[in-house]
Every structure is written in structure tokens, then in C-alpha cells.
Amino acid sequence: MVIAELKALIAEKKLTIKMIGNEIDTSVTCDKERIMQVIHNLLSNAIKFSPPDSVITIAFSYTTIEDKSGARKQLINKQSAIRVDVKDEGIGVPINELETIFDQFVQSSKTNTGAGGTGLGLAICKEIIEGHKGVIKAHSIFGQGTTISFSLPLQTQTSTAYTEQDSEDNFTENSDHKRTDTSNNSL
Ligand SMILES: Nc1ncnc2c1ncn2[C@@H]1O[C@H](COP(=O)(O)OP(=O)(O)OP(=O)(O)O)[C@@H](O)[C@H]1O
Ligand SMILES: [Mg+2]
């Protein structure tokens with residue numbers, strides 16, 4: 001569904017979308033609409049910053065998330081999670097900007113031409129993923145493409161932090177969370 005929406009842009013740039021690991025069971029308890037919004041934002045960035053005739057890879061795998069935020073940061077809680085990588089062969093992001101691009105209205109020094117985009121997409125992705133107790137990170141070698149990866153815990157969690165932290169935002173509909181599938185069937 002996400003890909004269908006972006007189809008015209010993909011065709012225009014003659015991009016190839018490659019899926020890896022989409023056969024794995026990616027069922028997680030999440031707000032499906034929000035997670036699809038994350039994938040849509042990441043894919044639309046990848047398309048926007050990719051050169052013509054290049055490849056965008058969406059890879060699914062299993063990983064673990066280490067939560068060190070327990071009391072006195074001593075309790076390290078390792079959780080099984082699924083990981084989604086959206087990798088492109090575009091301009092890349094300088095190493096010192098890999099964290100700031102997740103801030104609101106921040107665009108990388110290599111792409112902040114003022115053309116297109118408000119610098120909100122990744123900030124929204126971060127809110128959504130962290131609201132699900134997940135992690136989102138950017139990796140890039142400048143000039144050689146960018147990979148944005150997010151991980152979502154496999155286990156169901158009732159997250160009080162989620163509602164408290166995000167109560168001012170639109171993420172209060174915890175009742176909407178349902179077991180869903182982020183695999184290619186939904187893309
Ligand atoms: N795949 C990528 N390749 C290179 N730079 C990227 C990539 N993804 C994000 N960036 C950089 O991070 C910035 C922030 O991305 P973000 O999605 O938050 O905003 P945007 O795409 O500029 O605007 P919006 O998403 O609000 O339309 C981008 O403007 C760009 O500079
Ligand atoms: Mg964007």
C-alpha cells in the first residue's frame with residue numbers, strides 16, 4: 001500500500017525497490033497506521049534523496065533492544081525485536097548530523113536547499129517509534145547512501161510512559177494498538 005502511493009515517484013526516477021527478509025514473521029503489537037506512516041516517511045525520504053536508476057532496499061530482520069533506562073541504569077533489559085532498515089544509495093548524511101536530522105525542522109547541510117520538505121518527517125518517526133518503546137537510528141557514509149533503521153519490541157508492552165510522555169501529541173490512542181504485521185504484505 002505504501003509503495004503503491006509512492007509508485008509514480010519511484011517510476012519517475014527509475015528506482016528499484018528491493019525487499020530482504022520479508023518472509024520472516026514480523027507480527028508485533030503496534031498502532032498499524034502509525035507504523036505505516038513511519039515506513040512511508042522513510043521511503044519517501046529515500047526516494048527524494050536517491051539518484052535516478054538506483055536501488056532502495058527494505059530489509060526485515062530480528063534484533064534485540066537493550067533498555068538501560070531502568071533504576072540507576074544498572075538493569076539492562078534485553079528484548080527481542082524486529083528491525084526494519086530502509087537503505088538508499090543517495091547523497092548520504094554527514095556523520096555529525098546523523099542525530100540532529102531527527103529534530104524538528106532540521107535538515108542536513110547537504111540537502112537544506114529549501115526545496116521541498118519541512119524537516120518534520122523524521123521527528124514524527126522518532127516520536128512514533130519511541131512511543132512504541134522502539135529505537136530509530138540513521139547510519140550513513142556521506143556520498144554513499146543512508147540507512148534509517150528502526151526496531152520494535154516483539155513483546156506486548158503496556159506503556160505508561162507512552163501515554164504520559166505523548167499526551168500532548170496525537171499518540172494517546174493506545175486502545176488502537178493491535179497485533180499487526182509490518183511485513184511486505186502490508187507494504
Ligand atoms: N535518506 C536520506 N538521505 C539523505 N538525507 C536524508 C535522508 N533522510 C533524511 N535526510 C535528511 O534529514 C532531513 C530531515 O528529514 P525529514 O524527513 O525530517 O524532513 P524532510 O524530508 O526535509 O521534510 P518532511 O519529511 O517534513 O517533508 C532531510 O531534509 C535531509 O536533509
Ligand atoms: Mg521527510
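Mentor: What follows describes the core and the elements that build it. This is a predicted model, in which local features need pLDDT of at least 70, side-chain atom pairs count only at pLDDT 80 or more, and totals for chains, interfaces and linings use all residues. Residues are numbered from 1 along each chain as its sequence is written, while chains are lettered from A and ligands numbered from 1 in the order in which they are written.

The chain has four helices and seven strands; helices (H or I, at least four residues) and strands (E, at least two) are DSSP runs, numbered from the N terminus. Their order from the N terminus is α-β-β-α-β-β-α-β-β-α-β. Of the 187 residues, 27% count as buried, that is, with 20 or more other C-beta atoms within 10 Å of their own, these atoms being placed from the backbone.

A nonpolar core is a set of buried Ala, Val, Leu, Ile, Met, Phe, Trp, Tyr and Cys residues joined through C-beta atoms within 7 Å. The largest one here has 28 residues, and Val-38, Leu-42, Val-86 and Cys-125 have the most contacts inside it. Two or more residues come from each of β2 (27-30), α2, β3 (55-67), β4 (77-87), α3, β5 (135-140) and β6 (146-153). Of these, α2 gives the most, with six residues.

Take Leu-42 as an example: leaving aside neighbours within four places in sequence, Leu-42 is in contact with Val-86, Cys-125 and Ile-148. Contact here requires C-beta atoms, placed from the backbone, within 7 Å.

How values were computed:
Buried ≥ 20, exposed ≤ 12 C-beta atoms within 10 Å, placed from the backbone. Contact = placed C-beta atoms within 7 Å.
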